[in-house]
Amino acid sequence: MTTNISSNEAIPTLQLLDPQGNRVTTRATKGYRDRAAALTSEDLRGMYRDMVLTRRFDDEATSLQRQGELALFAPARGQEAAQVGSAHALRPQDYVFPSYREHGVLHVRGVDPVDRLRFFRGSDHGGWNPNEFNTQVYTIVIGAHALHATGYAMGVQRDGTPHDKHDGTAVITYFGDGATSQGDVNESMVFAAVNNAPVVFFLQNNQWAISEPTIRQTRSPLYQRGEAFGLPSLRVDGNDVLAVYAATQEALERARAGEGPSFIEAFTYRMGAHTTSDDPTRYRSSEQEEQWRLLDPIDRLGALLRAEDALDDDFVAEIKATGDELSAALRTGVRALDGGSAVASTFDDVYATPHGVVAAERAWYEAYDAGDPPAPQYAIADSAQGGAR
Ligand SMILES: Cc1ncc(C[n+]2csc(CCOP(=O)(O)OP(=O)(O)O)c2C)c(N)n1
């Protein structure tokens with residue numbers, strides 16, 4: 001039997017909130033419904049606020065790129081529920097390995113909005129201290145950070161972190177459907193599985209790897225990738241913030257309790273361009289975009305909140321005002337960033353202690369940056385011979 005992966009209906013998918021914003025109450029969803037039911041109105045309002053502000057950040061960053069203030073930007077429009085819902089299930093001690101589109105996750109983790117754009121402006125290689133937020137910097141190399149996540153999770157294990165579903169430490173890594181074709185992602189699942197590492201593989205299947213549709217990446221539903229490695233795996237409606245939250249909370253608790261890795265496929269849609277350098281009209285139809293616009297994750301949670309009397313005009317106005325402040329701070333902050341070379345910080349955090357090769361490479365780049373004729377590259381290797389190894 002073949003499964004039609006281009007049809008959403010053929011594949012079992014957890015949904016707790018339907019596209020009209022009604023809670024879904026089938027028997028099969030009971031355990032997950034209980035998790036979502038434990039969220040208070042204030043929790044839900046917080047998720048709504050975070051989703052709206054994530055979109056506002058997206059719009060503002062896109063404008064800044066258009067005005068020449070950023071070299072590039074990768075918008076997350078449409079993926080707010082997948083990001084905010086999963087990030088709300090995290091606890092402070094958990095550790096996050098994002099790729100380059102996880103602005104909603106970074107928002108929830110508290111990373112300053114201007115710092116999130118240093119990388120896209122080219123003024124820094126990262127933008128923040130990962131250990132301050134237990135959240136790594138963006139990764140552009142597709143899938144590479146899944147290996148880092150598994151390695152970090154194995155480190156957590158070897159540190160002897162207590163096994164406790166609340167107080168243990170879980171690691172989560174975010175990647176896209178295209179990344180599932182990379183060796184790195186598959187290798188990281190092999191290691192995670194056999195070592196029972198406390199890591200959650202969170203796939204945002206936004207259906208496009210730049211211009212390549214999922215159908216060109218796989219013949220089987222992607223959540224089955226996790227199953228194939230022996231990981232408990234689940235596909236959730238990625239535009240349903242409740243389902244994403246409940247599924248991620250379950251997987252994180254499993255990891256913290258020492259019960260090993262899990263795989264979540266959040267089936268969603270990238271509403272905008274891949275990056276500001278991309279033109280999606282070249283490879284997909286406006287009919288498809290319109291179909292997904294009707295499944296907007298923010299509208300869906302908004303409808304639930306209105307039905308439950310938790311969203312009034314004052315609250316909407318308050319979020320709008322916060323969004324205006326965010327936008328203004330972003331404009332001023334980004335324009336004030338040093339647009340020059342990031343060389344100075346490139347070598348800072350490579351090793352904890354001085355290292356001869358790194359020192360020589362720093363000197364070479366600094367000379368190059370200053371416009372001095374750089375010493376030939378082989379001189380670096382020669383001078384490094386006596387350096388620390
Ligand atoms: C190892 C590697 N190969 C190729 C690229 C070029 N590249 C950048 S984004 C992208 C598509 C990624 O698609 P997906 O994993 O689905 O993530 P999405 O962008 O949809 O979030 C590719 C191929 C890269 N950055 N790294």
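pLDDT is the predictor's confidence in each residue, on a scale from 0 to 100. In this predicted model, the protein chain has a mean pLDDT of 92, and 92% of its residues reach 70 or more. Residues 382–389 stay under 50. For that stretch the model has eight contacts beyond four places in sequence, a contact being heavy atoms within 4.5 Å. Where pLDDT is low, the predicted coordinates should not be read in detail.

Local features need pLDDT of at least 70 and side-chain atom pairs count only at pLDDT 80 or more, while totals for chains, interfaces and linings use all residues of this predicted model. Residues are numbered from 1 along each chain as its sequence is written, and side-chain values use heavy atoms, with hydrogens and water left out.

Strand β3 spans residues 199–205. Helices (H or I, at least four residues) and strands (E, at least two) are DSSP runs, numbered from the N terminus. Seven of the seven residues of β3 are buried, where buried means under 20% relative accessible area, exposed over 50% and partly exposed in between (1.4 Å probe, protein chains only). In a regular strand the side chains alternate between the two faces of the sheet. In β3 both faces are covered. V199, F201, L203 and N205 lie on one side, and V200, F202 and Q204 on the other.

β3 pairs with strand β2 (residues 171–176) in the parallel sense, over six bridges. Two strands pair if DSSP finds at least two bridges between them. Y174 stands opposite F202 in β3. Between β2 and β3 the chain passes through helix α8 (residues 183–195), and this β-α-β crossover is right-handed. The term means that, with the strands pointing away from the viewer, the path from the first strand over the helix to the second runs clockwise. β3 is also joined to strand β7 (residues 262–267), again by six bridges and in parallel. Here L203 stands opposite E265.

Strand β6 (residues 233–237) is mostly covered, with four of its five residues buried. Five bridges pair β6 with β7 in the parallel sense. The bridge partner of D237 is F267 in β7. Q249 is found in α10 and is buried, with a relative accessible area of 16%. Apart from neighbours within four places in sequence, Q249 is in contact with R35 and A89.

Helix α12 covers residues 297–307. Its buried residues are P297, I298, R300, L301, G302, L304 and L305. The cover over them includes α2 (41–66), α3 (80–88), β6 and α10. At the start of α12, a side-chain oxygen of D296 reaches to within 2.7 Å of the backbone nitrogen of I298. D309 follows α12 and has a positive phi, near 55°.

N196 lies in the loop between α8 and β3. Its phi is near 55°, and N196 is not a glycine. N196 counts as partly exposed, at 35% relative accessibility. Q207 sits in the loop between β3 and β4 (208–209). The phi of Q207 is positive, about 75°, although Q207 is not a glycine. Q207 is buried, with a relative accessible area of 13%.

The ligand is surrounded by 15 residues, counted when one of their heavy atoms lies within 4 Å of it. The closest are Y100, R101, G178, A179 and W208. A polar side-chain atom of Y100 lies 2.5 Å from a ligand oxygen atom. A backbone N or O atom of A179 lies 2.8 Å from an oxygen atom of the ligand. For W208, a polar backbone atom is 2.8 Å from a ligand oxygen atom.

Y100 is also among the residues touched by Y138. Y138 lies in the loop between α6 (130–133) and α7 (144–158). It is buried, with a relative accessible area of 6%. Not counting residues up to four places away in sequence, Y138 touches P98, S99, Y100, H103, L106, R116, F119, F120 and W128. The side chains of Y138 and H103 are joined by a polar contact of 3.3 Å. Such a contact is a pair of N or O atoms within 3.5 Å; within protein, one must be able to donate a hydrogen and the other to accept it, and residues adjacent in sequence count only if both atoms are side-chain atoms. A polar side-chain atom of Y138 also lies 3.0 Å from the backbone oxygen of R116. Y138 and R116 are 22 residues apart in sequence and 8.7 Å apart in space, C-alpha to C-alpha.
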